[in-house]
Amino acid sequence: MRAAVCQSLSDDLSGLRVTDVPMPDPGVGQVRIKVAAASVNYPDLLLCQGKYQLKLEPPFVPGLDFAGTIDALGEGVAGWEIGDAVAGGSRHGTFAEYVVSDVSNLRGKPGEMSFEAAAAYSAAYLTAYVALVRRANLQTGETLLVHGASGGVGLATVDVGRILGATVIAASGSADKREKLTAYGADAVLDPAPGFRHQVKALTDGRGADVIFDPIGGDVFDESTRCIAFDGRLLVIGFTSGRIATVSSNIPLIKGFSVMGVRAGEYGRQFPERGIENQTAIWDWAEQGRTRPVIDSVMPLEATAEALLKLKNRGVFGKVILKP
């Protein structure tokens with residue numbers, strides 16, 4: 001089968017090649033899925049650069065999310081049939097024509113959902129759910145500021161904030177993307193250029209945002225500490241700016257806010273029962289048609305490196321999908 005293989009770690013992804021690899025066979029409690037769509041996530045980029053917390057020795061196949069149809073059943077599998085349309089996630093391995101998955105990681109694809117939307121769903125909406133529900137305990141009527149709002153995870157967070165009844169401020173450095181965020185349903189948008197704290201204060205009658213979702217780090221994190229409300233929750237998602245920020249402990253003391261780390265997958269591994277509840281909650285929303293994943297573009301598997309670089313260069317609004 002064809003797969004995108006990271007043969008060596010590199011910042012420019014020159015070590016990523018689409019090539020033939022052996023077809024995987026499902027083991028006990030596993031199924032094999034013919035992949036119809038796989039979504040590109042920022043951790044995939046970091047994994048291929050050797051900058052992610054999960055370290056893999058090349059060669060390996062990146063890819064977190066997939067959707068497709070079951071084409072082979074492993075021993076002991078019950079409740080699934082060949083031909084079932086499914087979606088799921090893995091820590092790596094989905095940028096391929098076929099992927100093997102434990103049945104515990106599978107969900108039936110909602111009938112009204114396309115394979116592309118189903119592939120775009122799990123990692124983004126799980127991150128948003130764990131961040132806003134499990135970590136921040138976001139309440140109806142609170143104000144949520146979402147940095148990096150035009151990416152797949154950012155848009156999912158805007159969407160989940162809306163579902164939870166928050167007032168959502170979406171931040172993006174692109175005027176075109178801010179227009180799209182307004183059309184998507186953000187209550188307000190802003191440019192996160194230096195001084196954005198003044199816009200946040202103006203939008204919140206001087207209080208600041210109750211919850212701030214920050215996948216950027218660096219200067220954005222620093223300034224976010226200046227526009228967070230008392231008893232606020234500053235969510236650390238990642239560091240796409242390239243700088244891991246620090247904060248003097250007197251600032252959260254005086255301003256009375258909390259800094260919270262968010263690792264959605266690890267949360268489920270540490271608390272398996274809650275992990276199941278998290279997945280059930282987001283897929284129930286999908287079944288009910290309450291969520292709105294956004295597809296930026298669909299690209300062939302051969303363009304995997306191009307798709308990852310498009311993400312790196314912030315050239316997306318929503319999710320980039322690979323079609324094997």
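Which residue's side chain meets that of Glu142 in a salt bridge? The partner is Arg233, with 2.8 Å from N to O, where a salt bridge is a side-chain nitrogen of Lys or Arg within 4 Å of a carboxyl oxygen of Asp or Glu. Glu142 lies in the loop between H3 and strand E8 (143-146), whereas Arg233 belongs to strand E12 (residues 228-236), so the pair ties together parts that are 91 residues apart in sequence. Both Glu142 and Arg233 are buried, a word that here means under 20% relative accessible area, with exposed meaning over 50% and partly exposed in between (1.4 Å probe, protein chains only).

The model is a predicted one, in which local features need pLDDT of at least 70 and side-chain atom pairs count only at pLDDT 80 or more, while totals for chains, interfaces and linings use all residues. Residues are numbered from 1 along each chain as its sequence is written, and side-chain values use heavy atoms, with hydrogens and water left out.

Consider the overall form next. The secondary structure comes to 11 helices and 15 strands, these being DSSP runs numbered from the N terminus (helices H or I of at least four residues, strands E of at least two). Along its principal axes the C-alpha trace spans about 60 × 40 × 35 Å. The radius of gyration of the protein is 20 Å, which agrees with the value near 20 Å that a compact globule of 324 residues would have; the radius is taken over C-alpha atoms, and the globule rule is 2.2 Å times the number of residues to the power 0.38. Of the 324 residues, 52% are buried. Among contacts with a separation of 6 or more, 68% are between residues 24 or more positions apart, a contact being heavy atoms within 4.5 Å. The protein exposes about 14,000 Å², of which carbon and sulfur atoms supply 50%; the accessible areas come from the Shrake-Rupley method with a 1.4 Å probe, and for residues only the protein chains shown count as cover.

In soluble globular proteins, nonpolar side chains tend to be buried together. A nonpolar core is a set of buried Ala, Val, Leu, Ile, Met, Phe, Trp, Tyr and Cys residues joined through side-chain atoms within 4.5 Å. The largest one has 48 residues, and those with the most contacts inside it are Tyr121, Tyr125, Leu132, Leu144 and Leu235. Helix H3 gives the most to this core, with 8 residues. Leaving aside neighbours within four places in sequence, Leu132 is in contact with a set of residues including Leu138, Leu144, Val160, Leu164, Val211 and Leu235. Apart from this core lies another, of 38 residues, among them Ala3, Val5, Ala96 and Leu308.

Helix H1 (residues 42-49) has 6 of its 8 residues buried, so it is largely enclosed by the rest of the structure. The buried residues are Asp44, Leu45, Leu46, Leu47, Cys48 and Gln49, and they pack against strand E1 (2-6), strand E2 (16-20), strand E3 (30-39) and helix H11 (304-312). Just after H1, Gly50 takes a positive phi of about 75 degrees.

Returning to charged side chains, the structure holds 18 salt bridges. One of them joins Glu277 to Arg134, with the closest N and O atoms 2.7 Å apart. This pair links distant parts of the chain, Glu277 being in helix H10 (residues 272-287) and Arg134 in helix H3 (residues 122-135), 143 residues apart. Glu277 counts as partly exposed at 44% relative accessibility, and Arg134 counts as partly exposed at 26%. Asp191 and Arg178 also meet in a salt bridge (3.8 Å, N to O). Asp191 lies in the loop between strand E10 (188-190) and helix H6 (196-203) and Arg178 in helix H5 (residues 175-184), so this pair ties together parts that are 13 residues apart in sequence. Asp191 is partly exposed at 29% relative accessibility, whereas Arg178 is buried at 17%. Finally, Asp25, Arg32 and Asp71 are linked in a network of salt bridges.
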